[in-house]
Amino acid sequence: MSAKFLRHILLVLVPVVGAALVLPHVYSNQLLLFNFLVYLVLAQGVNVIYGFTGYLPFGFVGFFGAGAYGFALAVMHLHASPLVGMLFGAAAAVLLGVVLTPLLRLSGAYFAIANLAAALAAYQVISNPSLESLTKGPYGVSLSGVFNPQLSYHIGVLILAATLLLVIYLRNSRFGLSLQAIKDDPISASMAGVAVVRGRTVAWLLSALIAGLIGSDFAWYVSVFYPETVFSAEFSVFALVFALFGGVATVTGPVLGVLLLYGLYNAIGISTPQYFQLIYGALIMLLVLFLPNGLTSLLQRRGVDVP
């Protein structure tokens, strides 16, 4: 383990995970804290595929929804335990990722739109009334028999820790550098001996796994949900905005984005949504105009090695 790798663990992973474990003991709104966990993980999932390879996944929520329903189907029909159900949820998301790997042949807006269409297609299949006997169709899923917010919250913390560790690895490994080379110039990377197709595919499936795991945990935590809940475009939009606002291809950037923007959303967005939308829009416009690489670029311009 290199000194840089260890430094990133101590500066980012330990404080974030430590706060996630301590806060429920000093703050009573565990649901809010769990939502922070969900977006921290999803933002890092977006970071893996977009920050390191340049593929912008507008339909990222498809993996989240696949994980939630993979978990629900395993619990409902196979009577699996929640932890085993999470494995099914993760497998469902990765399987969807495998099915959608041909989309990686596209790039830019074409990939983003095709990915969004795929997520919408998955939603339509799940919510089809003809599949009520299997997925409960549009009528929602009830998993009250496995409802355990305390345990599912702590499992969410473990998922967050593993996700942060993965991104730290990508920041400090040859594989992560090869992914960034693919992002910068895939043709030059290929000529230099980088396995472009394999690198993109691995990053794609890793991001699907991350979203599937936290989607499974979300299903376990809430235990009652509808297709439009877990396939809501809000998950994709928020995860993308949080990651871009903080700065992708870093570990710190998505964390900052979630803490600042989701914190702002909960401070004023729920009580006064009209003001929040104005402030949110203004922040995003300023970001695009003056900080296209996110908040962390302010430090990087000054030579600071941002984790």
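Which helix supplies the largest share of the lining of the second largest pocket? Point 2 takes this up, after the conventions.

1. Basis. This is a predicted model, in which local features need pLDDT of at least 70 and side-chain atom pairs count only at pLDDT 80 or more, while totals for chains, interfaces and linings use all residues. Residues are numbered from 1 along each chain as its sequence is written, and side-chain values use heavy atoms, with hydrogens and water left out.

2. Second largest pocket. The largest share of its lining, five residues, comes from α1. At least two lining residues each are supplied by α1 (3–26), α2, α7 (149–171) and α13 (252–269); helices here are DSSP runs (H or I, at least four residues), numbered from the N terminus. The volume of this pocket is about 210 Å³. Its lining has 13 residues, and Ala 19, Ala 20, Leu 23, Leu 40 and Leu 259 are the ones nearest the centre. By class the lining holds 13 nonpolar, no polar and no charged residues. In this scheme Ala, Val, Leu, Ile, Met, Phe, Trp, Tyr, Cys and Pro are nonpolar, Asp, Glu, Lys and Arg are charged, and the others, Gly among them, are polar.

3. Void terms. On a 1 Å grid over the protein atoms alone, a pocket is an open set of points with protein on both sides within 12 Å along at least five of seven lines, a cavity is a set where a 1.4 Å probe fits but cannot get out, and lining residues have an atom within 4 Å of a point. Points are joined across faces, edges and corners, and a volume is the space filled by probe spheres set on them.

4. Largest pocket. Of its 21 lining residues, Leu 244, Val 248, Pro 292, Asn 293 and Gly 294 lie nearest the centre. Two or more lining residues come from each of α2 (30–53), α8 (174–184), α12 (233–246), α14 (273–290) and α15 (296–300). The lining divides into ten nonpolar, eight polar and three charged residues.

5. Cavity. Gly 59, Gly 62, Phe 63, Leu 96, Leu 100, Asn 115, Ala 118 and Ala 119 line the cavity. Two or more of these residues come from each of α3 (61–77) and α5 (108–126), and α5 has the largest share, three residues. Five lining residues are nonpolar, three are polar and none is charged.

6. α7 with α10. Helix α10 (residues 196–222) packs against α7 at an angle of about 165°, and the axes are 9 Å apart. Axes are lines fitted to C-alpha atoms over the stretch in contact, and angles run from 0 to 180 degrees between N-to-C directions. The pair is therefore roughly antiparallel, since angles over 145 degrees are given that label, those under 35 count as roughly parallel, 65 to 115 as roughly perpendicular and the rest as oblique. The crossing is left-handed, that is, the near helix is turned anticlockwise from the far one by less than a right angle. The contact (heavy atoms within 4.5 Å) includes Pro 149, Tyr 153 and Leu 166 of α7 and Leu 206, Asp 217 and Trp 220 of α10. Its residues divide into twelve nonpolar, three polar and one charged.

7. α2 with α8. What angle do α2 and α8 make? The value is about 60°, with the axes 6 Å apart, so α2 is oblique to α8. Tyr 50, Gly 51, Phe 52 and Thr 53 of α2 meet Gly 176, Leu 179, Gln 180 and Lys 183 of α8. This contact has three nonpolar, four polar and one charged residues.

8. α2 with α7. These helices pack at about 25°, with axes 10 Å apart, which makes α2 roughly parallel to α7. Their crossing is left-handed. The contact has 16 nonpolar, seven polar and one charged residues.
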